[in-house]
Amino acid sequence: IQAYSGRLDLSAECLYCFLDEENHAVVHDCGSADLQGLMPKPEDGKWPIEHITQIYPFRYRLQRCALELHFTSYESIFLNFITPAACQKALKALLGSARLKIKVRYSLKLELDFKKTRLTERWQHREISNFEYIMHLNTFSGRTYNDLTQYPVFPWVLKDYESPSIDLEDEKVYRDLSQPVGVLGDPSRATEVLERYATMGQMGMEPFHYGSHYSNAGFVLYYLVRVEPFTSQAIILNGGKFDHAD
């Protein structure tokens with residue numbers, strides 16, 4: 001999973017991506033030759049417009065400036081534009097192509113288009129599985145396999161991991177979904193979070209409840225380190241080692 005800078009061209013039949021000779025969008029600083037060898041060799045891309053099955057407008061680094069394109073080959077590409085305006089221009093051009101055959105078209109505010117899909121209703125009527133529904137929720141929340149900082153997540157629903165067997169009809173085996181993950185477990189955790197928030201405000205600092213997120217690139221690579229390309233990505237993240245202890 002790497003990023004490369006380049007130029008995007010759209011013709012009547014195909015979408016082209018021409019990479020810069022001197023690339024400026026590599027995700028990690030791979031200073032040594034050994035680390036550079038772990039990175040896939042970049043190549044220019046060409047995709048027939050009629051092979052596009054869906055276009056999802058996404059955020060990248062909190063900006064509405066990215067598009068993810070899915071193809072009939074089940075492959076996908078993630079395109080980040082310099083500005084949201086450039087992203088809007090590219091989306092408009094793609095949606096205006098006569099060869100584009102997708103039926104459901106989304107705006108830059110993807111989360112607002114969720115109701116168009118009737119996914120919740122289909123899930124309630126058991127027309128789609130739990131897995132399918134949660135993956136759709138991830139997509140409409142801006143999560144994707146193509147961005148380690150916004151990797152898909154699944155809810156933590158059980159809390160009994162000690163009993164030899166559990167009864168799924170028993171409400172006691174489920175976590176309290178009204179509370180965030182950060183305050184579950186020890187009751188004192190909720191108090192600590194609230195006290196930290198209040199203290200920061202009193203000190204004139206911008207207050208926050210949590211200093212980290214349950215899903216970030218480091219966590220994703222830690223859990224998927226045995227599977228490529230995450231193995232190589234973890235080595236790059238840790239400066240050439242599987243684990244670089246502090």
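Before I list any pairing: two strands count as paired if DSSP finds at least two bridges between them. Helices (H or I, at least four residues) and strands (E, at least two) are DSSP runs, numbered from the N terminus.

**Entry 1: ground rules.** I am working on a predicted model, where local features need pLDDT of at least 70 and side-chain atom pairs count only at pLDDT 80 or more, while totals for chains, interfaces and linings use all residues. Numbering runs from 1 along each chain as its sequence is written, and side-chain values use heavy atoms, with hydrogens and water left out.

**Entry 2: overview.** I get 7 helices and 6 strands for the protein chain. Along the sequence the pattern reads β-β-α-β-β-β-β-α-α-α-α-α-α. Of the 246 residues, 30% count as buried (buried is under 20% relative accessible area, exposed over 50%, partly exposed in between; 1.4 Å probe, protein chains only). The accessible surface is about 17,000 Å², with 54% of it on carbon and sulfur atoms; the method is Shrake-Rupley with a 1.4 Å probe, and for residues only the protein chains shown count as cover. I also checked contacts (heavy atoms within 4.5 Å): among those with a separation of 6 or more, 42% join residues 24 or more positions apart.

**Entry 3: the three-stranded sheet.** I looked up the strand order and found an open sheet, E1-E2-E3, with antiparallel pairing. Strands E1 (6-10) and E3 (45-48) are the edges, each pairing on one side only. E1 and E2 are antiparallel over 5 bridges, and a hairpin of 3 residues joins E1 to E2. Arg7 has Phe18 in E2 as its bridge partner.

**Entry 4: the cores.** Next I went after nonpolar cores, meaning sets of buried Ala, Val, Leu, Ile, Met, Phe, Trp, Tyr and Cys residues joined through side-chain atoms within 4.5 Å. The largest has 18 residues, and Ile52, Ile55, Leu67, Leu69, Ile77 and Leu94 have the most contacts inside it. E2, E4 (52-60), E5 (63-71), E6 (76-80) and helix H2 (84-95) each supply at least two of its residues. Which element gives the largest share of this core? I found H2, with 4 residues. Apart from this core lies another, of 13 residues, including Phe58, Tyr60, Leu110 and Ile128.

I also listed what Leu69 touches, leaving out residues up to four places away in sequence: Leu15, Ile52, Gln54, Ile55, Glu75, Ser76, Ile77, Leu79 and Leu94.

**Entry 5: aromatics.** I count 12 aromatic pairs (ring centres of Phe, Tyr and Trp, its six-membered ring, within 6.5 Å; planes under 30 degrees apart are stacked, over 60 edge-to-face, the rest tilted). Phe114 and Phe140 pair edge-to-face, at 5.4 Å centre to centre and 75° between the planes. Phe114 lies in the loop between H2 and helix H3 (119-124) and Phe140 in helix H4 (residues 130-140), so this pair ties together parts 26 residues apart in sequence. Phe114 counts as buried at 19% relative accessibility, and Phe140 is buried at 6%.

I then checked Tyr222 and Tyr223: their ring centres are 5.4 Å apart and their planes at 80°, so this pair is edge-to-face. Are these two tyrosines buried or exposed? Both Tyr222 and Tyr223 are exposed.
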